[in-house]
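Please consult the sequence and the structure shown below while reading.

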Amino acid sequence: MPLTADRAKPAVPFAGIYRLIDLALSNVVNSGYLQVVVLTQYKSHSLDAHVTKTWRMSTLLGNYVTTVPAQQRVDKNWYLGSADAIYQSLNLIHDERPDIVVVVGADHVYRMDFSAMVEQHIESGAACTVAAIRQPISLANQFGVIEVDDDDPSKIAAFLEKPSEPKGLPDNPDEVLASMGNYVFTASALEQAVSADRETESNHDMGGDIVPWFVARGEAGVYDFKDNEVPGATDRDRGYWRDVGTIESYYDAHMDLISIHPVFNLYNYEWPIYTSHSPYPPAKFVHGSGDRIGEALNSAVSPGVVVSGAHIYASVLSPLVKVHSYASIQGSVLLDGVEVHRHAQIRRAIIDKFVVIPEGCQIGIDHEHDRARGLHVTESGIVVVGKGQVVTR
């Protein structure tokens, strides 16, 4: 919140021209898996519309990406958790009859070749394989942590939710494996697990309930993300993964894009991120005299943007943004259609779609004033202006 006040989190715009779900779907289809369903529930209209208009593949070859809403197929409950969403959608598995099911979250920023994880899953004989990323042991209390078997590091011995005293890895006692929320299942085992979970009073969660179910049966394996090789990856961005579950992480993920050598590289054409491209003209920068210079430094600027005699630094401007003369924007993310009038100043802010910033307005400079105007200010000082919010000076 407030970016999710009007949309599901996977539909939140990212990096100017994308939606968060584009990254997950691009990873799946780049891995060669072309029969994909997106299980949706809350505030899903913009997500449904984006997937439907953007993700069209060859139906002649049996390929598709389709959204499937909660339908109350089983009883009068909507989805009660991520595991229950799969249970209520087992008809999709029955229809396609796959041997393997890949389950991924739709709101993480990363690149991953799932085919390598599936290959390990098959070779190991595990019924469930969990993707995990190495994290410092000091951060273990922020993640679901996987403890591996001492004799077989590819096997999960325990799955702990935010442990205070975790055990380090056999090959590096200062690190732990944190779950990435990506899974590979043998289809029959997945059906058995979610069916059994349905009969319990659990939270019906994939990480919190289904994975421990497999661990208890000795059937859970772990896939170390460090072993994943994505074509075109650089030393700088190899192994990048960020859960954008907070305003801070969403903001930081954008800042990772715009360093001179990006921490997350959008320019990897061997593993592209797909999305729809609207018919907007190229970005334009006008005025170049005195202190009225239209410029954007260390920034990402999308099609349809007009920077008119304004200074942009370390920011991401989404399509159709207009910035008028003498305005200054630093360290900020502006979503589609935002208009910033003359002499406005914006610092460390996220401005949602089509918000108008009036002449001379300051955002992110005086946080008490920001709060007094009803703007959302995080503990770290990031100011968020919600969609449809009217900003006053």
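In this predicted model, R242 and D256 join their side chains in a salt bridge, with 2.8 Å from N to O. R242 belongs to strand β12 (residues 241-243) and D256 to helix α8 (residues 247-257), so this pair ties together parts that are 14 residues apart in sequence. The two partners can also be described by their accessibility. R242 has 23% relative accessibility and counts as partly exposed. D256, in turn, has a relative accessible area of 12% and is buried, because buried means under 20%.

A further salt bridge links D352 with R7, at 3.0 Å from N to O. D352 is found in the loop between β26 (349-351) and β27 (356-357), while R7 is in the segment before β1 (13-14), so the contact ties together parts that are 345 residues apart in sequence. Both D352 and R7 are buried.

E229 and R238 make another such pair, their closest N and O atoms being 3.6 Å apart. E229 is partly exposed, its relative accessible area being 49%. R238 is likewise counted as partly exposed, at 35% relative accessibility.

| Pair | N to O distance |
|---|---|
| R242 and D256 | 2.8 Å |
| D352 and R7 | 3.0 Å |
| E229 and R238 | 3.6 Å |

The count for the structure comes to 16 salt bridges. Some charged residues are linked in a network of salt bridges, namely R134, D171, E175 and D224.

How many cavities of 30 Å³ or more does a search of the whole structure find? The search finds 2.

The largest cavity holds about 110 Å³ of space. Its lining includes R238, the residue that forms a salt bridge with E229. Also among the lining residues are Y110, R111, F225, N228, V230 and D237, and Y240, F264 and N268 take part as well. By class, this lining has 6 nonpolar, 3 polar and 3 charged residues.

The second largest cavity holds about 30 Å³. E147, V148, D150, K167, G168, L169 and P170 line this cavity. By class, they comprise 3 nonpolar, 1 polar and 3 charged residues.

Terms used
Residues numbered from 1 in each chain as written. Predicted model: local features only at pLDDT ≥ 70, side-chain atom pairs only at ≥ 80, totals over all residues. Heavy atoms only, no water. 1 Å grid on protein atoms, 1.4 Å probe; cavity = no way out; pocket = protein on both sides within 12 Å on 5 of 7 lines; lining within 4 Å. Points joined across faces, edges and corners; volume = space filled by probe spheres on them. Nonpolar A, V, L, I, M, F, W, Y, C, P; charged D, E, K, R; others polar. Salt bridge = Lys/Arg side-chain N within 4 Å of Asp/Glu carboxyl O. Helix = DSSP H or I, 4+ residues; strand = E, 2+ residues; numbered from the N terminus. Buried < 20%, exposed > 50% of the residue type's maximum accessible area, 1.4 Å probe, protein only.
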